[in-house]
Each structure stands twice: as C-alpha cells, then as structure tokens.
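Come along and look things up with me.

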Amino acid sequence: MVARLGRLRACGVRVSIDDFGTGYSSLSYLRTLPLDEVKIDRSFIAGMADERSRAIVQAIARLGQAFHWDIVAEGVEDEATRTAAADAGCTVLQGFAIHDPVPAEDLAVWAAGVISPASCR
C-alpha cells in the first residue's frame, strides 16, 4: 500500500487521511504512510468551543505541521468555527462557510483541465 500511494503521489495525487481522530485512526500510520494532509474529523471541529476538542485539534495540527502536511478542518460551517480552526493551526478549511458543494459534472470538467493522464505514466 505504501508503494502504491507513493506512485499516486508521483502522478500529482495528494494523499490524505480522512476523518482523523475517529474510528481506526492510528498514530503509527502517520510515521509510515506517504501523506500530504490530515483531515481532522468534523466532530472535533464543530466542538471547538469545548476546551478538550480544541486541544485535540491543536495537537493534531502541531503534529501535522512537524511533518509538513496540510491540516484540513472538516465541517467549517460558520465564521466562529472558521476563526477557531485557523487559530488552532488548520491550514485548509472545508465546509459551507468556505464554499457551497459543487455538482459532480462541474467537478469533472474542472478536473479534466487540471489532471493530465500522461503525468501518471
């Protein structure tokens, strides 16, 4: 899996761990996987008014920064959450406060102009 992910990265595909902090998230993955970003689960982002959730987001952000990854805050739905996530060290914000969802056909047109199949050989 690590070699496959490395080949994908060589093609320009960014590799992320999604919903980090929940389910089967493991810190050992952070050491071994060729990653570009970690996406912090929305449950931590939405709960940033709580001191413990905020501390978790800040700790994940610091860890990711040490590995030179982007830190994605999932579920940024309002200005207060946007500010809190940015202040905590999240480098990419995702959610309705940033942009409305894009229809799949619009995304496909955009991707066709950005990704070249020849770059993945």
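Predicted model: local features only at pLDDT ≥ 70, side-chain atom pairs only at ≥ 80, totals over all residues.

**Entry 1: getting my bearings.** Before naming any element, I noted that helices are DSSP runs of H or I with at least four residues, numbered from the N terminus. By that count I placed I60 in helix α4. I then listed the elements of the protein and found six helices and four strands. Read from the N terminus, they run α-β-α-β-α-α-β-α-β-α. I also boxed the C-alpha atoms along the principal axes and got roughly 50 × 35 × 25 Å. Of the 121 residues, 31% count as buried. Among contacts between residues at least 6 apart in sequence, 43% join residues at least 24 apart.

**Entry 2: the strands.** I followed the pairings next. β1 and β2 run parallel, joined by three bridges. Within that pairing, I17 stands opposite V38 of β2. On to β3: four bridges connect β2 with β3, and these strands are parallel too. Here V38 faces I71 of β3, and E37 has D70 of β3 as its bridge partner. Then I looked at β3 and β4 (residues 92-94), which pair in the parallel sense over three bridges. In β4, Q94 is the bridge partner of E74. Between these two strands the chain passes through α5, and this β-α-β crossover is right-handed.

**Entry 3: how enclosed are the strands?** I asked myself how many of the five residues of β3 are buried. I found four, so β3 is largely enclosed by the rest of the structure. For β2, I checked one face and then the other. E37 and K39 lie on one side, V38 and I40 on the other, and all of them are buried. I wrote a reminder beside this: in a regular strand the side chains alternate between the two faces of the sheet.

**Entry 4: the nonpolar core.** The largest nonpolar core has 22 residues. Those with the most contacts inside it are L30, L35, I40, I45, V57 and C90. Which elements supply at least two residues each? My list reads β1 (16-20), β2 (37-40), α3 (42-46), α4 (51-66), β3 (70-74) and α5 (79-88). The largest share, three residues, comes from α4.

Setting aside neighbours within four places in sequence, V57 is in contact with I40, F44, I45, M48, A88 and C90.

**Entry 5: back to I60.** Is I60 buried or exposed? Its relative accessible area is 11%, and anything under 20% counts as buried, so I60 is buried. Beyond residues up to four places away in sequence, I60 touches F20, V38, I40 and I71. I also took a distance: I60 and T83 are 23 residues apart in sequence, and their C-alpha atoms are 17 Å apart in space.

Entry 6: I looked up E74 in strand β3. At 6% relative accessibility, E74 counts as buried. Leaving out neighbours within four places in sequence, its contacts are D18, D19, K39, I40, D41, R42, I45 and Q94.

Where does D36 sit? I found D36 in the loop between α2 (27-32) and β2. D36 is buried as well, with a relative accessible area of 14%. Not counting residues up to four places away in sequence, D36 touches R9, V13, R14, V15, W69 and D70.

**Entry 7: a pocket.** Last, I searched for empty space. Rolling a probe the size of a water molecule over the atoms shows where empty space is left. The largest pocket holds about 240 Å³. Which residues line the largest pocket? I noted E37, K39, V72, V92, Q94, V102 and L107. The elements that give two or more residues to this lining are β2 and β4.

Entry 8: β2 is joined to β1 by three bridges and to β3 by four. I40 is among the residues with the most contacts inside the core, and I40 is in contact with V57, I60 and E74.

Key: Residues numbered from 1 in each chain as written. Heavy atoms only, no water. Core = buried A, V, L, I, M, F, W, Y, C linked by side-chain atoms within 4.5 Å. Buried < 20%, exposed > 50% of the residue type's maximum accessible area, 1.4 Å probe, protein only. Contact = heavy atoms within 4.5 Å. Pairing = 2+ DSSP bridges. Right-handed = clockwise from strand over helix to strand, strands pointing away. 1 Å grid on protein atoms, 1.4 Å probe; cavity = no way out; pocket = protein on both sides within 12 Å on 5 of 7 lines; lining within 4 Å. Points joined across faces, edges and corners; volume = space filled by probe spheres on them.
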